[in-house]
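This report walks through one protein model and its ligand. It starts at the ligand and moves on to the fold, the cores and some selected sites.

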Amino acid sequence: MHSALHIIQDEHRNLWRIAITLDRLGEDIAGGGALEPAFLLALFDYLEHFVDAAHHRKEDEHLFACLRQRDASAIPLLDALQAEHREAPARVLALRQQLADCLHGQGQASALAQGLRGYADGLKSHIRREEQQVFPLAEQALSAADWDAIQQAFSSHQDPLFGDAASAESRELFHRVASLAPESVGLGGHSGGELASHQDWLLEVDALDSSYGRIQALSSISLKVRRGETVALVGANGAGKTTLLRALSGVQPARAGQLRFAGEDIRRLRADLRVRRGICQSPEGRQVFGPLSIEDNLRLGGYTQPRAQADSDLEQVYAMFPVLKEKRRLPAGTLSGGQQQMLAIGRALMGRPKLLLLDEPSMGLAPLLVEEVFNVVKTLKAQGMTLILAEQNAFSALALADRGYVLETGRITLSGGGRELIDNEQVRAAYLGM
Ligand SMILES: Nc1ncnc2c1ncn2[C@@H]1O[C@H](COP(=O)(O)OP(=O)(O)OP(=O)(O)O)[C@@H](O)[C@H]1O
Ligand SMILES: [Mg+2]
């Protein structure tokens, strides 16, 4: 999927959580629960500032405008969606009015409850149509140049509507919403809904066990990864991060449980066949072949690919890591730690991953190089790669991940949005030293 669509999809994920929240609030209020005016007002502010002013505009002015020109058959659908965009501010105003009426004793809580649930339903159906209908049409009809232009507009830092200043403001509004959220509705990372259809899960792990002899290293691990998602695995030394990644790539057997990749059961599939399916790993400790040249190390990573393709893939890796090109004839052992890490990532990329497993890419590197490695991860994420990132460097990993899982002695003890885990007291105490 193009990164412009990922940007919209990420925003949809937040909106979906908001919709679920509105829905639960409506349910609470209908069931006689107390009104939380401050929370409701924060939600309305967020809808106005972010959804109406930034998110919809982004779609209208760039993605939809371009698709209109490229595919006339999309026009009726776009007309309907844009009519909803135009009506959205009035719907929020109506909710504000219903809330004010309730607070002044002039309105029925049940009407507000109904209003909130109606808004939530409308939002969900709107998001579904965009993702299930507009996205595929756009993928088909837009040219590479179109995508570049849209991407450039979306990433303009100065844009008054969705540039840096505006997104800082929406983030703040979202945090306000989250901080005011009553326990009963929460705003956790639970998916609570059917936005992610079955096909969106690239990886599904269920109740996975793995042992070294009699030592059980993984107990009943369940996790899922969506296409295009970056998932962080954090946990202390010996928690089982490496074992889990190795169980996914197939070099470590899984004794029990389910393992599905792109819908296929792969638990008993050999490691080399998993590489062919697109599960590629950059292992802990890099494990480059020191005496071999850098280029040969990279070519090893592409052994599953046709020869003709390897040459152009090699150029792409070199474009990403120019230092590797410069030194391509030298033995890999002559590279610094940071460069060897780039080589290990480059080697994994040569396998054309659909899912890239990165085991402690920042391990043992000086702070400046750590940042460089995380920048590489960010770039891959922006290109739409699906990533699992195991890190002891929990803060940096969670900061860039969409979601994270905390592992302790072979079990998952916590999971949630990346930001949400950073804010979690338990995580802060245990892993962030705060
Ligand atoms: N080859 C092995 N033989 C026996 N036990 C092992 C082996 N490798 C790992 N273990 C054990 O399995 C458990 C999980 O180790 P693992 O290396 O997966 O943890 P980790 O989270 O990656 O740790 P680190 O942060 O140090 O990389 C630990 O108790 C470890 O001692
Ligand atoms: Mg490890």
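## Ligand shell

Ala, Val, Leu, Ile, Met, Phe, Trp, Tyr, Cys and Pro count here as nonpolar; Asp, Glu, Lys and Arg count as charged; the others, Gly among them, count as polar. On that scheme the shell around ligand 1 holds 4 nonpolar, 7 polar and 3 charged residues. The model is predicted: local features need pLDDT of at least 70, side-chain atom pairs count only at pLDDT 80 or more, and totals for chains, interfaces and linings use all residues. Residues are numbered from 1 along each chain as its sequence is written, while chains are lettered from A and ligands numbered from 1 in the order in which they are written.

There are 14 residues around ligand 1, and Tyr-212, Ala-217, Lys-241, Thr-242 and Thr-243 come nearest. A residue is near a molecule if its C-beta atom, placed from the backbone, lies within 6 Å of it. Strand 2 (215-226) and helix 7 (241-249) are the elements giving two or more residues to this shell. Helix 7 supplies the largest share, 3 residues. Helices (H or I, at least four residues) and strands (E, at least two) are DSSP runs, numbered from the N terminus.

## Overall fold

The protein contains 16 helices and 10 strands. Its C-alpha trace spans about 80 × 55 × 40 Å along the principal axes.

Contacts need C-beta atoms, placed from the backbone, within 7 Å. Of the contacts with a separation of 6 or more, 72% join residues 24 or more positions apart. Buried residues make up 38% of the 434. Buried means 20 or more other C-beta atoms within 10 Å of a residue's own; exposed means 12 or fewer; partly exposed lies in between, with C-beta atoms placed from the backbone.

## Nonpolar cores

A nonpolar core is a set of buried Ala, Val, Leu, Ile, Met, Phe, Trp, Tyr and Cys residues joined through C-beta atoms within 7 Å. The largest has 62 residues, and Leu-233, Ile-388 and Leu-389 have the most contacts inside it. Helix 12 (residues 337-349) gives the most to this core, 6 residues. Another core, of 31 residues, lies apart from it; Ile-18, Leu-25, Tyr-46 and Phe-174 are among its members.

Beyond four places in sequence, Leu-233 contacts Lys-241, Leu-244, Ile-388, Leu-389, Ala-390, Tyr-405 and Leu-407. Lys-241 is also one of the residues that come nearest to ligand 1.

## Helix 12

Helix 12 is largely enclosed by the rest of the structure, because 10 of its 13 residues are buried. Its buried residues include Gln-340, Met-342, Ile-345 and Arg-347. They pack against several elements, among them strand 6 (279-282), helix 10 (307-320) and helix 13 (367-382).

## Two buried sites

Leu-387 sits in strand 8 (residues 386-391). It counts as buried because it has 21 C-beta neighbours inside 10 Å. Beyond four places in sequence, Leu-387 touches Thr-230, Val-231, Leu-356, Leu-358, Val-377, Leu-380 and Lys-381.

Ala-397 belongs to helix 14 (residues 394-400). It has 28 C-beta neighbours inside 10 Å, so Ala-397 counts as buried. Leaving out residues up to four places away, Ala-397 touches Ala-232, Val-234, Leu-389 and Glu-391.
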